[in-house]
Amino acid sequence: MTTRKKLEGNGLWESSRMMLPEHKETIIRRQLEEGRRERPTLDPQEMELIEKALAESFHEHRTVTVRMFVEYEERELTGIVVLIHTFRREIKLSISEGEWNWIKVDDITSASTF
């Protein structure tokens with residue numbers, strides 16, 4: 001392999017056959033840290049709107065779309081709230097027949113009914 005080919009694409013890493021496991025773990029950890037997001041801080045009014053939308057879905061069996069905070073991405077689910085645990089601050093969201101998810105209310109960044 002010529003020096004020129006080593007510097008093209010991923011050749012530099014592929015040509016270096018000796019990598020300690022600690023170095024590999026550090027590289028992977030650093031790549032994960034780059035994609036991590038900060039948890040948004042919701043004001044009391046926004047939290048009230050979220051709780052109102054969840055209660056509407058529960059009492060009136062209306063479909064709700066919930067956006068949740070996940071460290072590396074934003075996740076969105078649509079369904080009907082079938083159970084609310086106020087003490088644990090969790091809801092059970094029925095997505096389809098027989099399919100449901102438990103969601104922590106503190107992980108929800110927005111919710112809207114339609």
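Where is Glu-99 placed?

Tutor: Glu-99 lies in strand β4; strands (E, at least two residues) and helices (H or I, at least four) are DSSP runs numbered from the N terminus. This is a predicted model, in which local features need pLDDT of at least 70 and side-chain atom pairs count only at pLDDT 80 or more, while totals for chains, interfaces and linings use all residues. Residues are numbered from 1 along each chain as its sequence is written, and side-chain values use heavy atoms, with hydrogens and water left out.

Glu-99 has a relative accessible area of 43%, so it is partly exposed (buried is under 20%, exposed over 50%, partly exposed in between, with a 1.4 Å probe and protein chains only). Apart from its neighbours within four places in sequence, Glu-99 is in contact with Leu-93 and Ser-94, where contact means heavy atoms within 4.5 Å. Gly-79 is 20 residues from Glu-99 along the chain, and their C-alpha atoms are separated by 9.8 Å.

Trp-100 is also in strand β4. Trp-100 counts as partly exposed because its relative accessibility is 43%. Together with Val-82, Leu-83 and Trp-102, Trp-100 makes a nonpolar surface patch of about 360 Å². Two or more residues of the patch come from each of β2 (73-85) and β4 (99-104). A patch is made of residues with over 30% relative accessible area and no salt bridge, nonpolar side chains (Val, Leu, Ile, Met, Phe, Trp, Tyr) being joined within 5 Å and like charges within 9 Å.

Next comes the interior. In soluble globular proteins, nonpolar side chains tend to be buried together. Here the largest nonpolar core has 15 residues, and Leu-54, Val-64, Ile-91, Ile-103 and Ile-108 have the most contacts inside it. Such a core is a set of buried Ala, Val, Leu, Ile, Met, Phe, Trp, Tyr and Cys residues joined through side-chain atoms within 4.5 Å. At least two core residues come from each of α4 (44-60), β1 (64-70), β2, β3 (90-96) and β5 (108-113). Helix α4 gives the most, four residues.

The buried residues of α4 are Met-47, Ile-50, Ala-53, Leu-54, Glu-56 and Ser-57, and they pack against β1, β2, β3 and β5. Beyond its neighbours within four places in sequence, Leu-54 is in contact with Val-66, Val-81, Ile-84, Ile-91, Val-105 and Ile-108. The 17 residues of α4 should span 24 Å at 1.5 Å a residue, and the end C-alpha atoms are 24 Å apart, which agrees; the expected span is 1.5 Å times one less than the number of residues. Just after α4, His-61 takes a positive phi of about 55°.

Charged pairs complete the picture. The structure holds eight salt bridges, each a side-chain nitrogen of Lys or Arg within 4 Å of a carboxyl oxygen of Asp or Glu. One of them joins Arg-89 and Glu-51 (3.5 Å, N to O). This pair links distant parts of the chain, since Arg-89 is in the loop between β2 and β3 and Glu-51 is in helix α4, 38 residues apart. Glu-51 is partly exposed, at 36% relative accessibility, and so is Arg-89, at 32%. Arg-88 and Glu-90 form another salt bridge (3.1 Å, N to O); Glu-90 counts as buried at 14% relative accessibility. Salt bridges with shared partners join Glu-51, Arg-89 and Asp-106 into one network.

Key. Accessible areas come from the Shrake-Rupley method with a 1.4 Å probe; for residues, only the protein chains shown count as cover.
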